Amino acid sequence: MNRMDNDVVISVENVTMAFNLNKEKVDNLKEYVIKLLRRQLEFKKFYALQDINFQVRRGQHLGILGLNGAGKSTLLKTIVGVYKPTEGTVKKKGVIAPLLELGAGFDPNYTGKENIFLYGAILGYNREYLERKYDEIVAFSELGKFIDVPLKNYSSGMKARLGFSIATAVEPDILILDEVLSVGDGAFRKKSGDKMKQILAGGVTGILVSHSVDQVREMCNKLLWLDHGKQIYFGGDTEMVCNAYEEFLITKKLPENPQDIKQLSENYIRRKKEEQRKRQMSEAQKLQSVLESGSSDAAVEAALAILRKNKPELLK
């Protein structure tokens with residue numbers, strides 16, 4: 001592969017990732033070795049990724065769309081080096097902070113405080129750095145006195161909050177997020193989303209996997225669409241492709257070319273306009289019913305409710 005441009009921080013070229021799956025169940029190691037020596041083991045090739053190509057430039061924010069099983073997490077693990085691609089090459093420049101499986105390195109018998117230093121070390125932070133960031137991590141996690149309680153007594157949400165707080169106490173060149181903005185309750189999800197926006201606004205290059213299309217619309221300026229390991233789209237027309245993807249979620253019609261993507265997007269816009277028209281008609285009918293009932297106060301309140309929902313600027 002040619003040397004990367006100075007602005008390119010991630011280059012994925014012709015990447016294919018294949019796994020060997022056993023055709024039959026092997027219950028124990030002894031049976032596995034015997035079958036292996038007798039050449040009785042049969043494998044089926046499963047392609048998690050097939051011929052993926054894209055580049056991410058410094059400061060860009062790439063959103064990856066796709067259903068479960070599309071290959072999104074496999075691609076991220078290939079980029080960060082957890083997997084070595086079966087074919088093709090992955091090149092990257094700079095410090096990468098991967099937020100893939102929050103809390104995967106936690107020890108349940110250690111306290112939250114002890115796990116900050118354990119998990120932080122796994123992520124590559126030294127003790128001195130973690131000591132400087134300790135109060136910030138605890139404050140952001142909102143764990144308070146529970147920081148001195150063993151992790152085995154934490155709820156899954158508390159573990160995720162601690163993992164997110166440790167992982168984001170970082171100053172990376174590239175930030176990779178795999179569904180981590182859905183951790184915790186609603187308030188913490190908003191807080192974690194704001195934290196990510198703050199980090200990305202500082203010029204950090206980002207890759208985001210999320211099932212929230214609205215999140216991708218808001219945070220990303222490049223899109224990669226995967227389906228069953230194949231690349232459907234890569235480019236910068238985020239609004240059109242997000243519309244097309246939302247229409248695909250409804251119709252399950254997969255685009256085969258750019259014209260199909262454009263058509264799906266237009267269909268989605270028409271669908272949303274029709275839904276809005278039906279809502280407005282329903283509200284108008286409710287208002288008419290109130291007016292016919294002769295209750296002026298109820299009519300005024302109903303009219304105000306419709307304006308608040310559809311034309312709030314008129315009430316300012």
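**Entry 1: contacts along the chain**

I began with the contacts in the protein chain of this predicted model, and among those between residues at least 6 apart in sequence, 66% join residues at least 24 apart. I then looked up the elements and noted that the protein chain has 10 helices and nine strands. For burial I wrote down that buried residues make up 40% of the 316 residues in the protein chain.

**Entry 2: aromatic rings**

I searched the whole structure for aromatic pairs and found nine of them. One that I followed up is formed by phenylalanine 54 and phenylalanine 234, whose rings are 5.7 Å apart centre to centre with 40° between the planes, and this pair is tilted. I looked up where the two partners sit, and the pair links distant parts of the chain, since phenylalanine 54 belongs to strand β2 (residues 43-57) and phenylalanine 234 to strand β9, 180 residues apart.

Phenylalanine 234, with a relative accessible area of 26%, is partly exposed. I also noted a cluster in which Trp225, Tyr245 and Phe248 are linked by ring pairs.

**Entry 3: helix α4 and helix α3**

The axes of α3 and α4 come within 10 Å and cross at roughly 130°, which makes α3 oblique to α4. I recorded the crossing of α3 past α4 as right-handed. On the α3 side the contact is made by Lys113, Ile116, Phe117, Gly120 and Ala121, and on the α4 side by Arg127, Leu130, Glu131, Tyr134, Ile137 and Val138. Two of these residues came up again when I looked for charges over rings, as the charged end of lysine 113 sits over the ring of tyrosine 134, 5.6 Å from its centre.

**Entry 4: helix α4 and helix α6**

Which residues of α4 meet α6? I listed Glu136, Ala139, Phe140 and Ser141 in α4, and their partners in α6 are Phe188, Lys191, Ser192 and Lys195. The axes of α4 and helix α6 (residues 186-201) come within 11 Å and cross at roughly 140°, and the two helices are therefore oblique to each other. At this contact, too, I found a charge over a ring, with the charged end of lysine 191 placed over phenylalanine 140, 4.6 Å from the centre of the ring.

I then looked up backbone angles and stopped at glutamate 142, which is not a glycine and yet has a positive phi of about 60°.

I located histidine 228 in the loop between β8 (222-227) and β9 (230-235).

Terms used:
Residues are numbered from 1 along each chain as its sequence is written. This is a predicted model: local features need pLDDT of at least 70, side-chain atom pairs count only at pLDDT 80 or more; totals for chains, interfaces and linings use all residues. Side-chain values use heavy atoms; hydrogens and water are left out. Helices (H or I, at least four residues) and strands (E, at least two) are DSSP runs, numbered from the N terminus. Rings of Phe, Tyr and Trp (its six-membered ring) pair if their centres lie within 6.5 Å; planes under 30 degrees apart count as stacked, over 60 as edge-to-face and the rest as tilted. Buried means under 20% relative accessible area, exposed over 50%, partly exposed in between (1.4 Å probe, protein chains only). A charge sits over a ring if NZ of Lys or CZ of Arg is within 6 Å of the ring centre and within 35 degrees of the ring normal. Axes are lines fitted to C-alpha atoms, for helices over the stretch in contact, and angles run from 0 to 180 degrees between N-to-C directions. Angles under 35 degrees count as roughly parallel, over 145 as roughly antiparallel, 65 to 115 as roughly perpendicular and the rest as oblique. A crossing is left-handed if the near helix is turned anticlockwise from the far one by less than a right angle, and right-handed if clockwise. Contact means heavy atoms within 4.5 Å.
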